[in-house]
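These are my notebook entries on a structure that I looked up residue by residue. I record here what I looked for and what I found.

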Amino acid sequence: MERRDAVSLETLAAQALGETDTASGGLVPAINLSTNYEQQPDGSYPQGRVYTRADNPTSERAEQLLAALEGGGCACALFSSGMAAATAVFQSLLPGDHVLVSRVLYWGVRKWLAEFALTWGLDVEFTDTTDLAALAAAIRPGHTRLLWAETPANPMWEITDIAAVCDLAHQAGVRVAVDNTVATPVLTRPFEHGVDLVVHSATKYLNGHGDVLAGAVLSARRDPFWERIRSWRRNAGAMPGPFEAWLLQRGMRTLFLRVRRASETAMAIAAHFEGHPALTAILYPGLAGHPGHQIAARQMDGGFGGMLSIRLAGGAGHAQAVLREVRVFKRATSLGGVESLIEHRRASEGPSSPVPDDLLRLSAGLEAPEDLIADLGAALGAASREAGR
């Protein structure tokens, strides 16, 4: 049998790039907790590291693994949280720059843009990135500097055509950043579609165990804008700790298994409850009736993600009743962990949230799909009976 020297991304992830610890030969990478490094008598640093706020071997290993998974020879920088990563991109722009942002996106980013980006001097405009005509009309050549898209977009799970958006933006000299938190490089590798920057809340699927706060920014090019992002991280002190970086690379070793299982489970839940009388909609791009299904099928490989939302026919009261009745799903925020989660997003985000108040967001975990389906079915039934009394 002929030997294969080039291995798949799944194998690279499982073996954490296949490197052993140089000191011990251990298969599990060591943690380097040192905050500083010894300077030689001539003033040099043999490995180029001065202080852990800029460089740390454990963080570098996690960065190398994530960069290999996203592909395209990209550069990667870890951050202390997903929000630190996202805001670093915006804060690396200049006052007066025009920024186009997905109309539907993670609430934390939307809230930060509303509260801080204006005082930072950015001209932020929310637009529908699924509508190419609307997007083209919103671009201001020579003034628009960044297009920020999230796909699938939290929590409505709208799908943006990444390649088409990049073609349109690049014609006007606009840099494109895509939040790839939900799809992960298992299902979508945005650099292959022309994206300039990829952002992750690594707290979610990349870590996958609910015990790390981290983020990442990756760039297709090591250009001045990339160096500005890295400089912002260093000067703002937005690095994760070495232990968090170690836990993150440990989580990525099971990324392919977890994402594929979560995608299969989410698809099973969506298909089972499609047309359920207690629901007005199931929002999941894997369903043929989803408006973005064809695009998702083209740019997502091997599944449609582990996230879905349901809208209750009885409105907000019915949604809250279902939330009270679940037993297997955990009532909690966040996503991408081993436990399946459910939450009422409008209540989490507050009165200014654009999310419908009849919506519940679900994150499929690693439990038996039949248990999750039975739990949600029982909760829907109990909530409906309660509403009928």
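**Entry 1: a salt bridge and its network**

I began with Asp-196 and Arg-221, whose side chains meet in a salt bridge with an N to O distance of 2.7 Å; the term denotes a side-chain nitrogen of Lys or Arg within 4 Å of a carboxyl oxygen of Asp or Glu. The pair links distant parts of the chain, 25 residues apart. I located Asp-196 in the loop between helix 7 (184-187) and strand 6 (197-200), and Arg-221 in the loop between strand 7 (215-219) and helix 8 (224-236). Helices (H or I, at least four residues) and strands (E, at least two) are DSSP runs, numbered from the N terminus.

I note that the model is predicted: local features need pLDDT of at least 70 and side-chain atom pairs count only at pLDDT 80 or more, while totals for chains, interfaces and linings use all residues. Residues are numbered from 1 along each chain as its sequence is written, and side-chain values use heavy atoms, with hydrogens and water left out.

Is Asp-196 buried or exposed? Asp-196 counts as buried because its relative accessible area is 5%; buried means under 20%, exposed over 50% and partly exposed in between (1.4 Å probe, protein chains only). Arg-221, at 40%, is partly exposed. I also found that a network of salt bridges links Arg-175, Asp-196, Arg-221 and Asp-223.

**Entry 2: further salt bridges**

How many salt bridges does the structure hold? I recorded 20. Side chains of opposite charge can pair when their charged atoms come close.

One of these bridges joins Asp-161 and Arg-298, with the closest N and O atoms 2.6 Å apart. Asp-161 is in the loop between strand 4 (144-150) and helix 6 (162-171), whereas Arg-298 is in helix 11 (residues 293-299), 137 residues apart. Asp-161 is buried at 17% relative accessible area, but Arg-298 is exposed at 54%.

I then looked up Arg-250 and Asp-211, which form a salt bridge with the closest N and O atoms 3.4 Å apart. Arg-250 belongs to helix 9 (residues 242-252), and Asp-211 to the loop between strand 6 and strand 7. Arg-250 is partly exposed at 30%, and Asp-211 is partly exposed at 39%.

**Entry 3: helix 2 and helix 9**

I turned next to the packing of helix 9. Two packed helices are described by the angle between their axes and the distance between the axes. The axes of helix 2 (residues 57-70) and helix 9 come within 8 Å and cross at roughly 30°; axes are lines fitted to C-alpha atoms, for helices over the stretch in contact, and angles run from 0 to 180 degrees between N-to-C directions. The two helices are therefore roughly parallel, a term for angles under 35 degrees. Residues making the contact include Leu-65 and Leu-69 of helix 2 and Trp-246 and Met-252 of helix 9; contact means heavy atoms within 4.5 Å.

**Entry 4: two single residues**

I looked up Ser-92, found in the loop between helix 3 (82-91) and strand 2 (98-102). Ser-92 is buried, with a relative accessible area of 3%. Leaving aside neighbours within four places in sequence, Ser-92 is in contact with Phe-225, Arg-228, Ile-229 and Trp-232.

Lastly, I examined Arg-311, which lies in strand 9 (residues 307-312). Arg-311 is partly exposed at 24%. Arg-311 and Ala-281 are 30 residues apart in sequence, yet 5.2 Å apart in space, C-alpha to C-alpha.

Methods. Angles under 35 degrees count as roughly parallel, over 145 as roughly antiparallel, 65 to 115 as roughly perpendicular and the rest as oblique.
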